Amino acid sequence: MASCDLTHIIDHPLIRHDLTLVRDRDTPPARFRELVGRIGSLLAYEATRDLQTEPMDIVTPMQLCTGAKLSKPITIVPILRAGLGYAEAIHRLIPGAVMGHLGMYRDEVKLSPVDYYRSLPRQVSQGPVLLVDPMLATGGSAIAAVKLLREAGCTDLRLICLIAAPEGINALRQACGDVPIYTAAVDEKLNDKGYILPGLGDAGDRLFGTV
Ligand code: PRP
Ligand code: URA
């Protein structure tokens, strides 16, 4: 894992291999969803590495022993639509987590996020929140989501994306300070339409076949 401040680039052969297939324009939606989900779980595994646990006594068929349980409730919050491609796989990894949803899309001209739906569970402020969205491009959507989650009382936020642009990382740092980012790659730059280069194209369209 390569780390720069709070940006963790999870560089792993399995992720590198799958990410290459994800980028390939000929990868069809069903395969794309499978790959994105798998990478998402691997990123979530790293993003949750430092979660607190506390001792818990259990009885094995042989004797009493002390195990561990997660200390705080975990909430997964995908940004719709594309975040859904990740969220289910991360939920399978952490089945005890509760899921919230934030609906946002980018205004294609201004590139600013339009907030159209929110549903956050009551527990969201009581433990770590995994904010999941495959693309961190201008950073507008992630910044809006972080602000909203902070207003809801969240203090432990971690952003899991698939590909980040340097512009988005810088914007998130400036606007939100200390939110850790877990990503499979930091790409070159954005094009003049706010798409990541080389990127993977439109994540939502590729996940749901809506090109
Ligand atoms: C994509 C992506 C992010 C956003 C990133 O969503 O899933 O939410 O763009 O761009 P930004 O960093 O410049 O804000 P999109 O607007 O395409 O909506 P969709 O998921 O509904 O397709
Ligand atoms: N949203 C996407 O889906 N892809 C990009 O490259 C940028 C924003």
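Leu 111 lies in the loop between strand 7 and strand 8 (113-119). This residue is not a glycine, yet its phi is positive, at about 65°. The model is predicted, and every value given here is computed from it.

Two cis peptide bonds were also found in loops. One joins Leu 80 and Arg 81, with omega at about -5°. Arg 81 belongs to the loop between strand 5 and helix 3 (84-93). Another cis peptide bond joins Leu 197 and Pro 198. Here, too, omega is about -5°. Pro 198 is placed in the loop that runs between strand 16 (196-197) and helix 6.

The largest pocket was examined next. Its volume is about 670 Å³. Its lining comprises 31 residues. Nearest the centre of this pocket are Tyr 105, Arg 106, Ser 141, Tyr 195 and Asp 202. Several elements give two or more residues to the lining. The strands among them are strand 5 (75-80), strand 7 (101-106) and strand 10 (135-136). The helices are helix 4 (140-151) and helix 6 (203-208). By class, the lining of the largest pocket holds 16 nonpolar residues, eight polar residues and seven charged residues.

Ligand 1 takes up the space of the largest pocket. Strand 7, strand 10 and helix 4 each give two or more residues to the shell around ligand 1. That shell has 15 residues. Arg 106, Asp 133, Thr 138, Gly 139 and Ser 141 come nearest to ligand 1. By class, the shell around ligand 1 has six nonpolar, five polar and four charged residues.

Polar contacts to ligand 1 come from side chains and from the backbone. A polar side-chain atom of Asp 133 is 2.5 Å from an oxygen atom of ligand 1. For Thr 138, a polar side-chain atom is likewise 2.5 Å from an oxygen atom of the ligand. Ala 82 contributes through its backbone: an N or O atom there lies 3.0 Å from an oxygen atom of ligand 1. Taken alone, ligand 1 exposes 500 Å². The protein buries 91% of that area.

Ligand 2 also sits in the largest pocket. Its surroundings include Arg 106, Met 135 and Ala 137. In terms of class, five of the shell residues are nonpolar, two are polar and two are charged.

Backbone atoms make polar contacts with ligand 2. A polar backbone atom of Ile 196 is 2.8 Å from an oxygen atom of the ligand. Ala 203 has a polar backbone atom at 2.8 Å from an oxygen atom of ligand 2. The contact with Gly 201 involves a nitrogen atom of ligand 2, again with a polar backbone atom at 2.8 Å. Ligand 2 exposes 240 Å² when taken alone, and the protein buries 89% of that.

Technical notes. Residues are numbered from 1 along each chain as its sequence is written. Chains are lettered from A and ligands numbered from 1 in the order in which they are written. This is a predicted model: local features need pLDDT of at least 70, side-chain atom pairs count only at pLDDT 80 or more; totals for chains, interfaces and linings use all residues. Side-chain values use heavy atoms; hydrogens and water are left out. A residue is near a molecule or strand if one of its heavy atoms lies within 4 Å of it. A polar contact is a pair of N or O atoms within 3.5 Å; within protein, one must be able to donate a hydrogen and the other to accept it, and residues adjacent in sequence count only if both atoms are side-chain atoms. Accessible areas come from the Shrake-Rupley method with a 1.4 Å probe; for residues, only the protein chains shown count as cover. On a 1 Å grid over the protein atoms alone, a cavity is a set of points where a 1.4 Å probe fits but cannot get out, and a pocket is an open set with protein on both sides within 12 Å along at least five of seven lines; lining residues have an atom within 4 Å of a point. A molecule sits in a cavity or pocket if more than half of its atoms lie within 2 Å of its grid points. Ala, Val, Leu, Ile, Met, Phe, Trp, Tyr, Cys and Pro count as nonpolar, Asp, Glu, Lys and Arg as charged, and the others, Gly among them, as polar. Grid points are joined across faces, edges and corners, and a volume is the space filled by probe spheres set on the points. Helices (H or I, at least four residues) and strands (E, at least two) are DSSP runs, numbered from the N terminus.
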